[in-house]
Amino acid sequence: MENLLLTIDPDVINWSRAQFALTAIYHWLFVPLTLGLALIMGIMETCYYRTRKEFWKTAAKFWQLLFGINFAMGIATGIILEFEFGTNWSNYSWFVGDIFGAPLAIEGLLAFFMESTFVAVMFFGWKKVSAGFHLASTWLTGLGATISAWWILVANAWMQYPVGCDFNPDTMRNEMTSFLAVAASPMAVNKFFHTVTSAWLLGAIFCVGVCCWYLLKQRHLEFAKQSLKIGAIVGIVSALLTAYTGDGSAYQVAQHQPMKLAAMEALYEGGTNQGLTAVALVNPFKQPDYMSEKEPPMRLAIPNALSFLATRDFHGYVPGVKNIINGYTKADGTVEPPFAEKVSRGKAAIAALKAYRSGEKTAANLNILKNDMKYFGYGYIKNADQTVPPVGINFWAFRIMVGLGCLFILAFLIFLHYLYRRDITKPRWLHIAGLVLIPLAYIASESGWLVAEFGRQPWTIQDMLPTWAAVSDISSSGVALTFFLFLFLFTTMLLVEISIMCKQIKKGL
């Protein structure tokens, strides 16, 4: 791996990162709507099962059809995304394949086949199975999609907080020592619940937006009002749950990825009694001079709120970028080494591994690997600036996500007020607002993933493997070519999906 760094083309790294980001962004356009509509259609069919009214059966079929269109697109992009680990990131796949591959294999064998089996019954079994079995199939389709998300998020969480593993110098691979530690790590649990509840939120907003279009056109009014009620109730509950789980997710970031939190907050110099930044003048396209500036200009903050968010103590200590680079003492008294020491220990681990692989299988080399392997990735870092994520992107993406989340809560409260206290069919401004919420929901959803993935740069595995040590030694021109092919393919797929779904919505019940 060390020799590879001397020969690999830097363009391969950039194009591979761009290609993976492209695929992930497009894939995430389909996934949250799949999870969100699964809940909506399950509730609709439950209403049919309990009342036996044909109205609810028609409503359930309508939302199931939209679910199916989106579901098919999500599978196509997801399969390509998983193949990229082998084609573009072979060093990464070799280094952690025994761990990373396990949840992805379970996702493919269990969740995907579960979805495939019951989705067929859901679409084609209305007249072939009992109402109870069909209802169970609808809910199991959604459950399968949710379980699929669980295992993918377990794999992603492990990259951000590697646990339950030991490095084997004989195979040069990280090997799993505790499946439970990997599958149920605090990072994975919080990431899963935050992701799924945010997907329910997006599905609810989509449902509300479609209903608002019918209200604008004065079509299917009863269907629009009843679906809007379900969408608004699901929306307000999921929005509040998303906020709650988001707090838990941010706490985990503070514990295990302090540099990500510092980037999210544009916190250059930390300390106790830290305020949560509401707004500040942070350039999204340029990395700030965090080593010389104390804080970004025009900063407005909520006093002590960041300390509470990060430590559950209003007076807690939160490190900034400079503190992390220079080293600091944690609340429990343990010392986080400075960047220079991490680099030294990382290089020592690389040298010990090289010596071990050359036949020097001594206790001294094994001891170095045991103590310093967690800083292995720092041996490939040239300067401290490489360990700081893009501050501007993380800062603004986080605020867009949180700000829009607050807007959604307010919007659902207004919708519920009109649904239960006034006439929802009257205010056209509210119907237009419901339509506008749909693209805003996607912006909020993608912003969350930008924070999750940009925030852990430059690491593919936190502190253990930077992106330039994880990439495959392949031709940059080939990766560039496939980047543009995927860009064309995914854009075409997205446009086709939008076209089909719009035609189906216009067609109506």
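Let's start with Asp247, which counts as partly exposed because its relative accessibility is 29%. Its salt-bridge partner is Arg312, and the closest N and O atoms of the two are 2.7 Å apart. Asp247 lies in helix α8 and Arg312 in the loop between α10 (305–311) and α11 (321–326), so this pair ties together parts that are 65 residues apart in sequence. Keep in mind as you explore that this is a predicted model. The points below are grouped by topic, so you can follow along in the structure above.

- Arg312 sits in the loop between α10 and α11.
- The relative accessible area of Arg312 is 35%, so this residue is partly exposed.
- The backbone of Arg312 has a phi near 65°, which is a positive value in a residue other than glycine.

**Salt bridges**

- The count of salt bridges comes to 11.
- Are Glu265 and Arg399 buried or exposed? Both Glu265 and Arg399 are buried.
- Lys342 and Glu336 form a salt bridge too, with their closest N and O atoms 2.9 Å apart.
- Lys342 is buried, and Glu336 is buried as well.
- Lys330, Glu336 and Lys342 belong to one network, joined by salt bridges that share partners.

**Helix α9, an enclosed helix**

- Why is helix α9 (residues 258–265) described as largely enclosed by the rest of the structure? Eight of its eight residues are buried, so the helix is largely enclosed.
- The buried residues of α9 include Pro258, Met259, Leu261 and Met264, along with the charged residues Lys260 and Glu265.
- Ala262 and Ala263 are also among the buried residues of α9.
- Just after α9 comes Ala266, which takes a positive phi of about 50°.

**Patches on the surface**

- Which residues form a nonpolar patch on the surface? They are Ile233, Val237, Leu241 and Tyr420, and together they have about 360 Å² of accessible area.
- Helix α8 (residues 221–256) gives the most to this nonpolar patch, with three residues.
- Leu241 is placed in helix α8.
- Leu241 counts as partly exposed because its relative accessibility is 35%.
- Here is a handy general idea for reading helices: an α-helix has 3.6 residues a turn, so residues three or four places apart point the same way.
- A patch of positive charge also lies on the surface, where Lys217, Arg428, Lys503 and Lys506 gather.
- Arg428 has its place in helix α15 (residues 428–454).

- How do strand β1 (residues 165–168) and strand β2 (residues 173–176) run? They run antiparallel, and four bridges join them.
- Across this pairing, Phe167 stands opposite Asn174 in β2.
- The hairpin of β1 and β2 has four residues between the strands, and in this hairpin Met172 takes a positive phi near 60°.
- In general, the side chains of a regular strand alternate between the two faces of the sheet.

- The peptide bond from Gln457 to Pro458 is cis, with omega near 15°.
- Pro458 lies in the loop between α15 and β7 (459–461).
- Asp463 is found in the loop between β7 and β8 (465–466).
- The phi of Asp463 is near 70°, a positive value in a residue other than glycine.
- Asp463 counts as buried because its relative accessibility is 17%, and the cut-off for buried is under 20%.
- Asn283 is in the loop between β3 (276–279) and β4 (300–302).
- With 38% relative accessibility, Asn283 counts as partly exposed.
- How many residues apart in sequence are Asn283 and Val391? They are 108 residues apart in sequence and 8.6 Å apart in space, C-alpha to C-alpha.

Note on methods
Residues numbered from 1 in each chain as written. Predicted model: local features only at pLDDT ≥ 70, side-chain atom pairs only at ≥ 80, totals over all residues. Heavy atoms only, no water. Patch = residues over 30% accessible without salt bridge, like charges linked within 9 Å, V, L, I, M, F, W, Y side chains within 5 Å. Areas by Shrake-Rupley, 256 points an atom, 1.4 Å probe, with all protein chains shown as cover. Salt bridge = Lys/Arg side-chain N within 4 Å of Asp/Glu carboxyl O. Charge placed at Lys NZ, Arg CZ, Asp CG, Glu CD. Helix = DSSP H or I, 4+ residues; strand = E, 2+ residues; numbered from the N terminus. Buried < 20%, exposed > 50% of the residue type's maximum accessible area, 1.4 Å probe, protein only. Pairing = 2+ DSSP bridges.
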